[in-house]
Amino acid sequence: MKMTTVTARNILIRSISSAAFALCALAARAQSPADFYKGKNLDVMIGYSVGGGYDVYARMISRHLGKHIPSGPTVIPKNMEGAGSLRLANWLYNVAPKDGSIIGTIGRGTGFDLLLGHKAAQFDGTKYNWIGSANDEVSVCVAWSGRAKVRKFEDLLTTELAVGGTGSAADTDQFPRILNGVLGTKMKIVTGYPGGNDVNLALERGEVDGRCGWSWSSVKSTRGSWLTDKRITILMQLSLSKHPDLPDVPLVTDLAKTDEQRQILRLIFARQVMGRPYLAPPNVPADRVAALRSAFMGTMADKEFLAEAEKAQLEITPVSGEAVQKLVGEVYQTSPEIAKKTADLLK
């Protein structure tokens, strides 16, 4: 059938429009970071509600980040809570613009949800552009001194310790469950407390005798008097390396006796290295990723930022985006067999 003049003209117009749009998109991606960010906003999406630790860190970082990015864009923190930040992780991967105008902060372990069999995880953690982490976090397990019969790690192998928990997806529940399954500890998880502060109150009241999966930075900032008064005993530290404050406290990975145990513990506790992680969607232009990573580490060394963090009693032990990217890639090399065994222990 012969094409009409009007139809041909419409097709030509659509083709020209499509080509123009493609050229504009290519031109935008070809801009230098300084040109791209000039007069723009950078949204920092927060996977949790207002007032929590991730929110506090993100808002403080947002106040200083812009001055370290070429052309100084306005940095705007926004909350997108849901499913322990899994909602944001999925959105960043599948929906968010992939031009460097948006970054986010998600739970330290969320990027590994796919490995652990979470069917709602719709991403490959290795394909994000990891910008950096504000903390190389160390968590601890503690027992209430004088009341608990557990006084050192070895006691956990023979004596039950009731520890407070805040929910099945939280570190307070997952960490002791993994330790019970891998190392044979005997922690009884009393879960359902609304938050970490409620667990602390329960510990003080004698409802539970311990807490496991408690950030060392939080111990110092919120219950420093318990340390000076020796009201709690530190049983072990949970991370891939020891905290300088705790040279004589056993490190969880040093307690593994087999290679399989070490692999499971690494899969779980690698998240501690990226204690407050920031990431951009996949396929962001490489020069913008580099600019964001540089700006993040510049913020971590910013005197005004560090003074504000110290005033708020927030620990800052930054990890570069390149180091986080490498770590995520290594963890994703975990064998399916080890990942499944780990997931089964968390059920």
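This is a predicted model: local features need pLDDT of at least 70, side-chain atom pairs count only at pLDDT 80 or more; totals for chains, interfaces and linings use all residues.
## Overall form

The protein has 347 residues, and buried residues make up 49% of them. Its secondary structure comes to 12 helices and 11 strands. Taken along the principal axes, the box filled by the C-alpha atoms is roughly 90 × 50 × 35 Å. Among contacts between residues at least 6 apart in sequence, 78% join residues at least 24 apart.

The accessible surface comes to about 16000 Å², and carbon and sulfur atoms account for 55% of that area. The charged side chains number 42 positive and 34 negative, and the centres of these two sets are 6 Å apart.

## The six-stranded sheet

An open sheet is formed by six strands with mixed pairing, in the order E2-E1-E3-E10-E4-E11. Its edge strands are E2 and strand E11 (319-320), each of which pairs on one side only.

Strands E1 and E2 run parallel and are joined by six bridges. Within this pairing, aspartate 43 has isoleucine 76 of E2 as its bridge partner. Strand E1 (residues 41-46) also pairs with E3, again in the parallel sense, over four bridges. Here the bridge partner of methionine 45 is glycine 104 in E3. On the E10 side the sense of pairing is antiparallel: two bridges join E3 to strand E10 (residues 277-280). Glycine 104 takes part here as well, with leucine 279 of E10 as its bridge partner.

## Nonpolar cores

The largest nonpolar core holds 56 residues, of which Leu161, Leu179, Met236 and Leu238 touch the most other members. A second, separate core has 27 residues, including Tyr37, Ile69, Ala280 and Val289.

Leaving aside neighbours within four places in sequence, leucine 179 is in contact with Cys141, Gly184, Thr185, Met187, Cys212, Met236, Leu238, Val252 and Phe269. Met236 and Leu238, both in contact with leucine 179, are also among the residues that touch the most other members of the largest core.

Valine 140 lies in strand E5. With a relative accessible area of 0%, valine 140 is buried. Not counting residues up to four places away in sequence, valine 140 touches Arg211, Cys212, Gly213, Trp214, Trp216, Val219, Ile234, Met236, Gln237 and Leu246. Cys212 and Met236 are contacts of valine 140 and of leucine 179. The C-alpha atoms of valine 140 and valine 324 are separated by 22 Å, the two residues being 184 apart along the chain.

Serine 85 is placed in the loop between strand E2 (74-79) and H4. Although it lies in a loop, serine 85 is buried, with a relative accessible area of 0%. Leaving aside neighbours within four places in sequence, the residues in contact with serine 85 are Gly47, Tyr48, Ile106, Gly107 and Thr110.

Lysine 230 is found in the loop between helix H7 (216-228) and E9. Its phi is near 55°, a positive value in a residue other than glycine. The relative accessibility of lysine 230 is 65%, above the 50% limit, so this residue counts as exposed.

Asparagine 283 likewise has a positive phi, of about 65°, although it is not a glycine. The loop that holds asparagine 283 lies between E10 and helix H9 (286-300). Asparagine 283 is exposed, with a relative accessible area of 55%.

Definitions and conventions. Residues are numbered from 1 along each chain as its sequence is written. Side-chain values use heavy atoms; hydrogens and water are left out. A nonpolar core is a set of buried Ala, Val, Leu, Ile, Met, Phe, Trp, Tyr and Cys residues joined through side-chain atoms within 4.5 Å. Buried means under 20% relative accessible area, exposed over 50%, partly exposed in between (1.4 Å probe, protein chains only). Contact means heavy atoms within 4.5 Å. Two strands pair if DSSP finds at least two bridges between them. Accessible areas come from the Shrake-Rupley method with a 1.4 Å probe; for residues, only the protein chains shown count as cover. Lys and Arg count as positive and Asp and Glu as negative; His and the chain ends are not counted. The place of a charge is taken as NZ of Lys, CZ of Arg, CG of Asp or CD of Glu.
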